[in-house]
Amino acid sequence: MSISAAFFAQAQDISILRNSVDVYSNSPMIGSSKFNAMGGANGALGGDASSLLTNPAGLGVAISGEVSGTLSIMGNKNTSTLAGASTSYSNTRGDLGNVGGVMTFQLMTESAWKFINVGVNFSNQSLDNYVETSGNSNILFTDVDTSNSSSFGRHAYNRYGNLSKTSFGVGANYNNNLYVGAGLNFFNASLDQSDTASLNSTTNNSTEFFSKNGTPYYERSNGFSASLGVIGKLSPNFRLGASIETPTFWTIDKSYNFYNDPVYGDDIGLESNKFTSPLKATVSAAFVASKNFSLDVDYTLGLTKPKYKVYTQTETDINNFFKDNYKNLSELRVGAEYRVKQVRLRGGYSYASTPFDALTIGRYTDGGDQVDQSYGNLILNNRNALSFGIGYDFKSFYIDAAYQNITSKYTNPFMFGVLDDNNNSAYYSATNSVASDSFIVSDVKNIRNNFFLTLGWKF
């Protein structure tokens with residue numbers, strides 16, 4: 001499928017697509033160090049508050065109360081390559097990654113219901129993402145206002161902020177063989193974003209800095225979802241789990257800078273949107289060989305597609321794009337734990353599929369020509385995560401640590417902009433503006449190195 005120029009002209013900013021999937025369709029998956037070390041795979045194991053991130057029935061597995069807090073150090077490195085030149089940028093940020101707790105209530109009756117447990121979990125992750133691309137003097141733009149020519153000097157995409165998920169849930173234990181649970185999830189997102197470029201005049205070699213129309217912009221959002229889950233023991237060693245999470249219903253409030261409006265000129269605009277993320281289902285299987293070893297496999301599949309509430313033609317165009325080009329979310333997570341007396345050794349792996357079909361766009365070649373090219377990893381791509389961890393149990397207290405490495409490679413389109421009587425997605429400086437009906441496309445390698453430390457208390 002081709003991306004029409006009209007779509008991008010009306011959508012104003014390709015980051016709408018990126019954030020719709022990367023921010024508003026993905027839940028935070030920063031749990032305890034144990035959860036992170038096992039790749040987020042605990043859908044059929046459960047036992048602590050991190051169960052609310054995958055399967056609330058895991059709350060019913062707990063047989064003692066527990067509370068924990070996790071500090072996270074998130075490292076993010078992007079290397080953007082264009083015409084053989086690479087630019088790298090690294091960012092490291094420390095934060096409170098997770099807080100969770102479970103209260104257990106043993107039912108002292110002859111009923112088959114053994115426990116009813118209540119849990120709460122707060123998960124928090126950084127949205128920081130900076131991609132800088134070096135210039136290419138072969139790519140030329142013509143200033144709309146002066147008709148002067150400028151070469152491409154540099155581009156920077158910058159996003160920073162936080163995404164959090166607070167969950168409350170109830171889990172129950174039936175006869176130590178069947179566990180059921182339900183949860184309510186409340187989301188908050190805060191992100192600030194800019195899209196800037198520098199161009200070098202071919203006349204006097206001076207440099208001018210431009211911002212894409214509609215940027216910088218600021219979004220403050222909140223959302224709500226609910227989840228249901230079940231875990232069943234097929235035998236003392238095998239468990240199966242299943243859960244479903246409703247779409248997250250988001251309200252997004254946005255302020256943005258706009259330029260060269262025929263009525264208002266340069267000013268700040270405000271808007272609100274409604275967004276619905278995909279419905280998700282997860283199936284899980286676990287093997288518990290003994291008290292010393294356990295293995296869990298989770299598979300999550302998106303059952304619907306993202307959708308904006310329609311206010312203008314822009315939302316219609318975006319929804320049509322998702323309808324034609326969005327691949328339903330698919331993620332596989334595998335995790336294992338081995339216990340040696342008080343020591344816990346953990347490892348995990350997860351894979352998330354690319355969210356978009358192959359897309360054809362107009363792009364600039366390294367020599368400055370304009371051609372059509374198809375990409376299978378445009379904007380976002382599949383993601384691989386490898387994790388390890390270690391813990392020590394002091395009976396009532398425990399300490400866990402985890403390391404997580406996440407990698408992804410994708411192609412990064414930018415500098416597309418249309419300026420006519422109906423559309424304005426051009427780039428603006430203090431004195432000039434430039435428009436382009438083709439993208440510059442760089443190759444980006446993203447590496448995230450994350451560290452987690454958890455302190456917990458069992459009671």
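**Close-up views of a predicted model**

**View A. Lining and volume of the largest pocket.** The largest pocket is lined by 46 residues, and Lys34, Gly46, Gly47, Arg339 and Lys458 lie nearest its centre. A pocket is an open set of points on a 1 Å grid over the protein atoms alone where a 1.4 Å probe fits, with protein on both sides within 12 Å along at least five of seven lines; lining residues have an atom within 4 Å of a point. The structure is a predicted model, in which local features need pLDDT of at least 70 and side-chain atom pairs pLDDT 80 or more, while totals for chains, interfaces and linings use all residues. Residues are numbered from 1 along each chain as its sequence is written, and side-chain values use heavy atoms, without hydrogens and water. The space in this pocket amounts to about 1200 Å³, a volume being the space filled by probe spheres set on the points, which are joined across faces, edges and corners. Strand S2 (residues 85-106) supplies the largest share of the lining, 4 residues; strands are DSSP runs (E, at least two residues) numbered from the N terminus.

View B. Proline 216 belongs to the loop between strands S7 (207-212) and S8 (217-233).

**View C. Asparagine 205, with positive phi.** Its phi is near 65°, and asparagine 205 lies in the loop between strand S6 (178-201) and S7. Asparagine 205 is exposed, at 61% relative accessible area (exposed: over 50%, with a 1.4 Å probe and protein chains only).

Notes: Buried < 20%, exposed > 50% of the residue type's maximum accessible area, 1.4 Å probe, protein only.
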